[in-house]
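I opened this notebook to record what I looked up in one structure. The entries follow the order of my searches.

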Amino acid sequence: MSEELLINVTPQEIRVALVDNGVLQELQVERSGHRGLVGNIYKGVVRRVLPGMQAAFVDVGLDRTAFLHAADIQDDSEELNGETDIETRPGHHEVRNVCTLLHEGQEVLVQVIKDPVGSKGARLTTRITLPGRYLVYMPFVPRIGVSTRIESPEERSRLKDELKAAIPADEAGGYIIRTLAEGVEHQDFVGDIDFLRRLWSSIRRQLENSSAPCQIHSDLNLAMRMMRDVMSDNIERVRIDSRETYEAAASFCQRVIPEVADRMEHYSGERPLFDLYNVEDEIERALQSRVTLKSGAYLIIDQTEALTTVDVNTGGFVGRRNQEDTIFKTNLEAAAAIARQMRLRNIGGMIIIDFIDMDDEEHKRRVQRALEKAIQNDRTRCNITQISALGLVEMTRKRTRESLRQTLCEPCSYCHGRGFLKTAETICYEILREIVRESRAYPAERFVVLASPMVMEKLLDEESTSLAALEEFIGRPIKVQAEATYTQEQYDIILM
Ligand SMILES: [Zn+2]
């Protein structure tokens, strides 16, 4: 495996592409205008306690007040599970009465665990965590946990021993060992601990010197975060096309991951970095619903708010003779492509995959295994069910950031996100009905219809007899006029 990280920086945005053997696998975009807030730490003020919801609204200086649930409030007396799963933050304890924990006007140190979405404010926790490369630091919780994604019991206990030996005696907090730590040694932890403790003490200094509501710390920017998170040994090279970001990243690496500092490179070539790897074309394709596979088969990916469906189709006619075999191969090819597309598009939540029906049980098992194998490359946790009798697989993929489409697109203003426009014919009939309605309500001498050129043409051509019949019926003339700026669904009827 040869993975490269490509970092494209402009004043407006940072884009990071993870490329494996020249093929784009993952893309993250961060716009300076709206960087995510997850991980940011604030000194907030409790504005309202909501006993009915066991929660409180906290002002952290953002447009909308943020939301703090009682379950996300750290209590000194609470017993934490030693084996903490970093994906599901500690929080399976009994929910305590929010009124005993918070009161209006109280200042609280909080961290964002969920970005504001739509009309919902950010979600907060008082369980502060600082992610490092191998560890997550919990300054208030003196425990050690291991990510559940490290499965081997021997490795889990080895890592714990290595970590215990690396933690300084004066440490008041605790650490969670991240998945990436698999196989690392004592000294790797020492560097990470040192970085996290320095970061925490700078946060504490800032906390003392500021007044609420205000931001105390923002998570590392996307370039640094990606380096911290994915600089596993697989990454052979990091190419950054901005001198400034390159220098910042280099100094970050010196402090935290010195062993990879020599894999970083400032790209100053003439051709845009993403063009070198066809990343722009791949992004364009990742926004389409149709994905064509090498064999000519294709996927249709339909993303709705509630769930995503993936339909697998053979391209063209499948001969009788090798039908079963062709279907099996198409499904195998699709399994790998689906895993990659879900990762690239960053689609979260429920995903229903409709493979082409297979009769052979062994074929089903192998397609299932191919999908299981393919999702292992994904850093975001996925789960899949067995292929059902109808050839359906339910896949869940943890929702992390916004999907690629949510990041780059907005609903179409022509069709209002339906993905369809009413036909010119439908609009013609709407117009004709509207004229009947208005001719009864208002005493006009004549009517002028303003419509898009397409609709006007139809009214004067195919629908001209309907129009003439209507003129006769209402006893008044109807004039049709094209309005070039109108969209197909737009029209006005003017009474004169
Ligand atoms: Zn549209």
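The entries below cover conventions, a strand residue, aromatic rings, a metal site and salt bridges.

**Conventions.** The model is predicted, so I noted that local features need pLDDT of at least 70, that side-chain atom pairs count only at pLDDT 80 or more, and that totals for chains, interfaces and linings use all residues. Residues are numbered from 1 along each chain as its sequence is written, and side-chain values use heavy atoms, with hydrogens and water left out.

**Entry 1: Arg239.** I located Arg239 in strand S14 (residues 235-240). Helices (H or I, at least four residues) and strands (E, at least two) are DSSP runs, numbered from the N terminus. Is Arg239 buried or exposed? Arg239 counts as buried because its relative accessibility is 12%; buried means under 20% relative accessible area, exposed over 50%, and partly exposed in between (1.4 Å probe, protein chains only).

I then listed the contacts of Arg239 (heavy atoms within 4.5 Å). Not counting residues up to four places away in sequence, Arg239 touches several residues, among them Glu4, Ile7, Glu265, Tyr267 and Tyr277. The side chains of Arg239 and Tyr277 are joined by a polar contact of 2.9 Å. For that term I used N or O atoms within 3.5 Å; within protein, one must be able to donate a hydrogen and the other to accept it, and residues adjacent in sequence count only if both atoms are side-chain atoms.

**Entry 2: aromatic rings.** I paired rings of Phe, Tyr and Trp (its six-membered ring) if their centres lie within 6.5 Å; planes under 30 degrees apart count as stacked, over 60 as edge-to-face and the rest as tilted. The count by this rule is three aromatic pairs. One of them is Phe57 with Phe67, edge-to-face at 6.1 Å centre to centre and 65 degrees between the planes. Phe57 belongs to strand S5 (residues 55-59) and Phe67 to strand S6 (residues 66-69), ten residues apart. Phe57 is partly exposed at a relative accessible area of 26%.

Phe140 and Trp200 form an edge-to-face pair because their ring centres are 5.6 Å apart and their planes stand at 90 degrees. Phe140 lies in the loop between strand S10 (135-138) and strand S11 (144-146), and Trp200 in helix H3 (residues 186-208), so the pair ties together parts 60 residues apart in sequence. Trp200 is buried, with a relative accessible area of 6%, whereas Phe140 is partly exposed at 42%.

**Entry 3: zinc site.** I looked up the protein donors of the zinc ion and found Cys412 (SG) and Cys415 (SG), lying 2.2 to 2.3 Å from the ion. Donors are N, O and S atoms within 2.8 Å of the metal (3.2 Å for Na, K and Ca); water is not among the atoms, so sites may look incomplete. Cys412 counts as partly exposed at 34% relative accessibility, and Cys415 as buried at 5%.

**Entry 4: salt bridges.** My search of the whole structure gave 25 salt bridges, each a side-chain nitrogen of Lys or Arg within 4 Å of a carboxyl oxygen of Asp or Glu. Glu26 and Arg343 form one, with the closest N and O atoms 3.0 Å apart. Glu26 lies in strand S3 (residues 23-31) and Arg343 in helix H8 (residues 323-345), so this pair ties together parts 317 residues apart in sequence. Both Glu26 and Arg343 are buried.

Finally, I returned to Arg239, which is linked with Glu4, Arg237 and Glu265 in a network of salt bridges.
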